[in-house]
Amino acid sequence: DLRAVVAELDRFLASSCPKLFHNGLYDVDVLESMGFTVNGYDWDTLLMHHIVYAELPHKLAFLGSVYTEWPYYKDMARIADDDDAEGKGSNTMLDLPDDVRHLYNARDVLVTHKCYGYLRQELSEVKLDRFYQERVHTMVRPVLDMQRRGMRIDMAALDRFDADYEQRALACLGRVREATGQADLNPRSFQQVQQYLYGTLGLKSPAGGRSADEETLVRLTIRYPEFKKLLLDICEYRSLVTIKSTFIDGIRKRLEPDGRLYPRVMLHGTVTGRFATRDPNTQNWPIDLREMVVPNASNLLFGGDAAQLEERLLAYASGAVKKLKAFEDGLDTHALDGEAILGVSKDLLTKHSPLRVLIKGFKYGVHYGAGPDKIYIHLLTSDDLRDLHVEFTYDDVRRWYTAYRELHPEIFAWAE
């Protein structure tokens with residue numbers, strides 16, 4: 001009797017009996033959407049494995065290959081795994097014969113339980129079992145709530161950004177075609193761009209060959225500054241079109257009738273342990289597009305950020321004297337560094353000002369080990385800076401790099 005089975009399953013899931021899942025965020029969400037109540041969700045082998053081995057894959061098939069001697073079985077039923085980013089599986093469980101479905105699920109259960117024993121031991125050995133229980137697993141319910149609540153999109157703002165990016169792309173396309181004298185040139189066509197740059201203009205790529213990717217085009221601005229505007233316009237056009245098609249059009253496709261997006265929120269999506277989202281990935285939206293996310297009426301949307309946290313850690317780790325003194329005195333290190341490196345007044349380095357965005361981008365490039373070349377490329381291709389239209393040259397970046405090394409030699413000594 002199916003009703004009896006469902007009633008017994010409901011009783012078991014609602015009980016306080018400890019339960020083990022692999023990617024329970026998915027399973028519990030599905031079960032509760034079907035009307036079941038799930039209590040006792042105490043352990044999750046996916047999250048446990050992520051705590052110990054953040055850099056490794058976490059799919060059950062991988063864990064099974066590590067912790068068990070059972071042969072690979074996932075190919076017995078080619079379905080979309082619950083942690084399959086693209087959902088390319090050709091079947092669902094309901095499409096499989098009963099015997100295949102039962103055997104597949106039984107093996108999932110056995111592998112999960114076998115992995116659980118080893119992972120409990122490994123968590124204990126690295127003294128992270130308490131951290132898992134108190135800091136990681138306690139986030140499961142809040143994450144489920146976040147997924148179910150989703151995010152409200154301001155349709156007027158979406159329409160405004162759509163039109164804005166469309167107009168900017170068309171303007172950029174017009175500049176490229178005017179500069180090249182080719183009314184049909186498509187900046188997104190690598191073949192056409194290659195033919196014009198290396199054939200018509202006779203440019204020579206710094207790395208050889210005829211590449212037309214973004215990094216190569218920016219490097220060409222160093223060798224051919226007279227074509228810098230054209231090369232950057234090609235890059236900007238590609239960026240604008242990509243943002244419109246990937247983010248703006250992508251948001252429209254995923255919007256539900258209630259005007260909300262419902263991305264999946266993952267606790268295991270990054271090596272560092274921060275949240276990650278997909279379907280869609282809302283964390284890689286350009287900064288301006290984030291204005292489309294708005295609260296419900298009578299609610300408030302707010303954000304917080306640690307003040308220069310990475311730079312504080314770097315200062316203490318490297319013993320950078322000037323930075324440490326500035327932090328102890330409660331001063332703004334971005335303004336101080338900008339004044340010293342760029343040679344401008346601190347009045348031009350206020351929060352969100354173009355030059356402040358520039359000096360922050362430059363400094364973070366240095367702090368993460370980039371040299372002048374990489375920093376120059378990053379600054380010219382950064383969406384944050386591209387819209388601010390801050391003018392600088394490769395020689396400027398080299399000069400800033402030397403000045404920063406002289407200003408804070410401890411950072412460079414520590415990094416080396």
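Colleague: Which element gives the most to the lining of the largest cavity?

Modeller: Strand β5 does, with three residues. First, the ground rules. This is a predicted model, where local features need pLDDT of at least 70 and side-chain atom pairs count only at pLDDT 80 or more, while totals for chains, interfaces and linings use all residues. Residues are numbered from 1 along each chain as its sequence is written, and side-chain values use heavy atoms, with hydrogens and water left out.

Colleague: What makes a space a cavity?

Modeller: On a 1 Å grid over the protein atoms alone, a cavity is a set of points where a 1.4 Å probe fits but cannot get out; lining residues have an atom within 4 Å of a point. Grid points are joined across faces, edges and corners, and the volume is the space filled by probe spheres set on the points. By this rule there are two cavities of 30 Å³ or more.

Colleague: Why is K244 to E166 called a salt bridge?

Modeller: The rule asks for a side-chain nitrogen of Lys or Arg within 4 Å of a carboxyl oxygen of Asp or Glu. The closest N and O atoms of K244 and E166 are 4.0 Å apart, so the pair counts. K244 sits in helix α11 (residues 228-254) and E166 in helix α8 (residues 155-180), 78 residues apart.

Colleague: How do you know whether K244 is buried or exposed?

Modeller: Buried means under 20% relative accessible area, exposed over 50%, partly exposed in between (1.4 Å probe, protein chains only). K244 has 16%, so K244 is buried. E166 has 36%, so E166 is partly exposed.

Colleague: What makes K374 and E215 a link between separate parts of the sequence?

Modeller: Their side chains meet in a salt bridge at 3.6 Å, N to O. K374 lies in helix α16 (residues 372-381) and E215 in helix α10 (residues 214-223), so the pair ties together parts 159 residues apart in sequence.

Terms used: Helices (H or I, at least four residues) and strands (E, at least two) are DSSP runs, numbered from the N terminus. On a 1 Å grid over the protein atoms alone, a cavity is a set of points where a 1.4 Å probe fits but cannot get out, and a pocket is an open set with protein on both sides within 12 Å along at least five of seven lines; lining residues have an atom within 4 Å of a point.
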